Amino acid sequence: NFYGNATAVDFTTPKLENTTLKVEVIPGEYGSNTTIRVTVPVDGNGNVTIYLDNMTPVVIPVKDGVAELNVTPEVGTHFVNVTYTNDTHYAPRELNGTNFTVAKDSHFDFNVTVDPKPYGEDTVITVNGPANITVTVTVDDVPYTVTLDENGVGTQVVNNVTAGKHDVVASFAGNDNCSAVSNSTSFVVPKANSTVGINVSD
C-alpha cells in the first residue's frame, strides 16, 4: 500500500528583462503642445515616470502599451528621462538623455488695417498680433513705434498725410518667444471736404 504525500513549494517567476522602452517627442512651437510619448510592450501594466528638465516628475499609468504627456515648454533645448516600474511581467527599466528643441512661434496672426479719413482728419492704423509686443509702423517711410496691449491690439493715429494713396508697413523684430514678421497694406486718403460759404447782403 502507498500513502499519499504532498509537498508545497514556493517559487517566483522572474520578470522579463530587456523591456522594450521607446521615447518619442513631437515638439511644438512656443505656446503649442509638445507631446512626449513613451512606448512599452503592449501587454505592459506598469507606470511610466517622465522627468522633464527640472520639473516635478509626472507618473502616468500605461494603457495599451503607451503613456503620453503634453507640455508647453519655453523656447530652447529640453531633456527627458524616463523610468518604467510596477509592471507584473516586466522588469523596471530607464531611458535617459532624450532631448528636443522648442522653436519660436512663427504661426501667430499679425495684421495691419487702416481706417482712412479725409485730409486733415485722423486716420487710424490698427495692428493685431501677440500681446505686449512693440512694433514699428511705417507710413510712406516715416516710422512710428506702437506697443500692442494685453489683447494684442495697438493703434497709431496720423493726420499729416496728403490726399491720395499711401503704403503702410507693420514690422515686428521678434523676441525670445516669437519670430520676426511683417505685413503691409495700402490706403487712400480722400481730399478734404470743401466748405463753401455764400454771404447774401441786403
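1. E24, R37 and E68 are linked in a network of salt bridges, a salt bridge being a side-chain nitrogen of Lys or Arg within 4 Å of a carboxyl oxygen of Asp or Glu. By this rule, the count comes to three salt bridges.

2. The model is a predicted one, in which local features need pLDDT of at least 70 and side-chain atom pairs count only at pLDDT 80 or more, while totals for chains, interfaces and linings use all residues. Residues are numbered from 1 along each chain as its sequence is written, and side-chain values use heavy atoms, with hydrogens and water left out.

3. In the pair of R37 and E24, the closest N and O atoms are 3.3 Å apart. Helices (H or I, at least four residues) and strands (E, at least two) are DSSP runs, numbered from the N terminus.

4. R37 also forms a salt bridge with E68, where the closest N and O atoms are 2.4 Å apart. Because R37 lies in strand β2 and E68 in strand β5 (residues 66-71), the pair ties together parts that are 31 residues apart in sequence.

5. R37 counts as partly exposed at 24% relative accessibility. E24 is partly exposed at 33%, and E68 is partly exposed at 39%.

6. A further salt bridge joins the side chains of K117 and D115, at 2.7 Å from N to O. K117 has a relative accessibility of 28% and therefore counts as partly exposed; D115, with a relative accessible area of 41%, is partly exposed. Side chains of opposite charge can pair when their charged atoms come close.

7. D87 deserves a separate point. D87 is found in the loop between β6 (76-85) and β7 (93-102), and its relative accessibility is 1%, so D87 counts as buried. The side chain of D87 makes a polar contact with the side chain of Y84 at 2.3 Å. A polar contact is a pair of N or O atoms within 3.5 Å; within protein, one must be able to donate a hydrogen and the other to accept it, and residues adjacent in sequence count only if both atoms are side-chain atoms. The D87 side chain also reaches the backbone nitrogen of Y90, at 3.1 Å.

Technical notes. Buried < 20%, exposed > 50% of the residue type's maximum accessible area, 1.4 Å probe, protein only.
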